[in-house]
Structure formats: C-alpha cells, structure tokens
Amino acid sequence: MRSDIRFGILGTGGIATKMSEALPLVEGATMYAVASRSQQQADAFAVRHGFEKAYGSYEALINDPHVDVVYIATPHNLHFSNTMMCIDAGKHVLCEKPFAVNAREVHQMIDRARDKGVFLMEAMWSRFLPHIIHAHEIVQSGQLGDIRLLVADFCIHRPMTNPKDRKFNPELIGGALMDIGIYPMFLAEFMLGSPLDQVAMAGLGVTGVDMNCSAVFQYPGQAQAVLYSSFLAESGTRAAIYGEKGTLLFDDFWFMPGNLRFVDAQGKETSIPFEKIGNGYQYEAAEVVRCIRTGLQQSEFMSWADSIRLIERLDAIRHQCGIVFPGHD
Ligand SMILES: NC(=O)c1ccc[n+]([C@@H]2O[C@H](COP(=O)([O-])OP(=O)(O)OC[C@H]3O[C@@H](n4cnc5c(N)ncnc54)[C@H](OP(=O)(O)O)[C@@H]3O)[C@@H](O)[C@H]2O)c1
C-alpha cells in the first residue's frame, strides 16, 4: 500500500486555514504538521484542524524528516527564503502566490528545486478549478471563434485600518497587484498567452504600495485583455471572454469555484454548471500529491515556465507603474 504524502504548513493565517479545511478531501494526503512563529498559535491551530505536530518555528517543521511537502502560507516577502530553506532540507514545496517578489528570485527557486530533485509549484489554485479548466478548453476548442476581448478584475474594498497589515506593508510586499491583481493577470496569460504589448497604471497609497493597478494587454489579431484590481473599490470580481462567435461569462468571484455561461452570437444563453465540492483548494493539493507520487518535479498544469511568465509579467507591470520594493528591486 502506498503511504500518504505528509503535508506541513508554514503560517497559521487565513489561507493556511482554508488549506487545512481542504486537505481532508484529498486522497493520499495527511495533515501532518503546522508551524507558527508562536508555539501557542501552532498548538491551537493543530488542535483546531487535527494536525499531528505543532511547531513554534518554521525551521523546526522544515527539519522534521517526516514532512514530505511544505505548503508555504506566509506573507510575500518570505516566499523566497521559506522556499529555499525547504528545498535545501529536501522538502517538496507548494508556495503561495506570488511565487516570489521578482523573476530573479523565481529563477533561483526553480534552479534550486531542479538541482535538489524536489517538486515545486506555485499555489495558483484557480488554475485547478473545474470551471477555469473548462473555460480554457472552450477557448482552445474555437467555440468562441477568434477572441476579441478578455475582461477580468479583482477588486475588494480594504480600508487601511492597519498600515502594517501584509496587504499594505511594503516590507511584506503588499499592494493590490501582488495580492489580488495577480489573478486577472494569470487568467489573461492562461487563456490568451503572453501579450505583444501592455500598458499599466497604478495608484500608490500612503505606505507606498499600490492601492489599485490596471493593465491593458494587446495580442496578435487585435485581441485585448482589460484587467484591473483595487483595494479601494468593491466589484463583483467579474470575468468574461468575448469572441467573434460568442461570449463566455464567469460567475462573480470568477477565481473561486463557480459556473460558466455561454452566450452565442444570436444571444442564446446556455448555463454550464459545476458541482461545488469543498472550498476548492483541494484541487491544487491533489495535483501536488499526484506529481510527488509520480516523481514529477513540476506540474504540467502550473509549470515552472508558467510561473516564470507570470512573474515576468508582474515585473514588467511594476516597472511601468513605478511599484518598487526596496531591497528586492
Ligand atoms: N490562494 C488564495 O486564495 C489566497 C488567499 C489569501 C491569501 N493568499 C496568499 O497566502 C499568503 C498568506 O496570506 P494570508 O491571507 O493567509 O495572510 P495572513 O492571514 O496574514 O497569514 C499570514 C501568516 O504568515 C505568518 N507570518 C510570518 N511572518 C509574518 C509577518 N511578518 N507578518 C504577518 N504574518 C506573518 C503568520 O503565521 P504565524 O504567526 O503563525 O507564523 C500569519 O498568520 C500570501 O501569499 C497571500 O497572497 C492566497
């Protein structure tokens, strides 16, 4: 009988909680260990979610020989150092988005994973959601004809009550683009590939991070993607892909599990429903288990090349908008 893949989680915040709720749905995964900067916090989290081990430092979890894969659920500034530490300890890694602060760091992470023979993947969970995969199949099939326009946003009103919060703190690599704007950028890259050209603009807040960031991508054949993100406004977080033969509409909060609708050129609408199972994070975790079991170092669905393309896009947008992270740029 094959033994389960034992997961360890770094961090006990919002996304660590979501993953802990999802892991019981993943066949072949065991919720083994959690680590926090505080032992008390780790203990409480472990009891709440049923982890076997609770560590009061990230190093302690990484040095546990029973941990197979580490899920990095820490702020953006730590992704690179946490990942490198895990790889050096021979652990497989699933690291939250954005993979690191810039392409230089991402290349180093990938090179190190390649050298050490471990699995490494960016936790772009939307890539593994059934409706996103199906939308990609529809685009690829030609059902929409030539794509003319993709519109996607991620806007959540987040008043800056605490400037030290990871979303607003430049030391933790906050800002709308890195936190939420990455999702529309991902959708455009996944559905349409890399653009020929782009323009981007951002509004910086008092802490120096971008409070909103928008971009227009231009593709061969005159297709465009219009992408925007904001902490200053609440939107439906909508996405749509317009083609010459029809339109594909995503449910609001398109990056989460949801449904699709196809509207043909005559305006006839067809629903494409998807069964909702769990919170959706189980799909990326299942991919981690599959890849590790098959001895893959990267997933072909969220590959190292995909992560490089995405971070290069973010680098280019940041450059255009003047979003700078001292110490990283
Ligand atoms: N995939 C998704 O849907 C999704 C959703 C939300 C966030 N994310 C990503 O997940 C990562 C974490 O986001 P989150 O929303 O879970 O953040 P969060 O709630 O603030 O949790 C981050 C955790 O990181 C640890 N940490 C280590 N150093 C820290 C520091 N200096 N300041 C604050 N926390 C620190 C803390 O755990 P300990 O105190 O226990 O060490 C904290 O609980 C980010 O990369 C974010 O972009 C992804």
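**The ligand and its shell**

Mentor: Of the 23 residues around the ligand, T12, S36, Y58, K97 and Y281 come nearest; near means a heavy atom within 4 Å. This is a predicted model, where local features need pLDDT of at least 70, side-chain atom pairs count only at pLDDT 80 or more, and totals for chains, interfaces and linings use all residues. Residues are numbered from 1 along each chain as its sequence is written, and side-chain values use heavy atoms, with hydrogens and water left out.

Trainee: How many nonpolar, polar and charged residues are in the shell around the ligand?

Mentor: The shell has 9 nonpolar, 9 polar and 5 charged residues. Here Ala, Val, Leu, Ile, Met, Phe, Trp, Tyr, Cys and Pro count as nonpolar, Asp, Glu, Lys and Arg as charged, and the others, Gly among them, as polar.

Trainee: Which ligand atom is 3.2 Å from an N or O atom in the side chain of Y183?

Mentor: A nitrogen atom of the ligand. For W125, a polar side-chain atom lies 3.1 Å from a ligand oxygen atom, and for D179 the distance from a polar side-chain atom to an oxygen atom of the ligand is 3.4 Å.

Trainee: Switching to the backbone, where is the cis peptide bond?

Mentor: It joins K97 and P98, with omega about -20 degrees. Most peptide bonds are trans.

Trainee: And what is the phi of I173?

Mentor: I173 is not a glycine, yet its phi is positive, about 60 degrees. Most residues other than glycine have a negative phi.

Note on methods: Polar contact = N/O pair within 3.5 Å; in protein donor to acceptor, adjacent residues only side chain to side chain.
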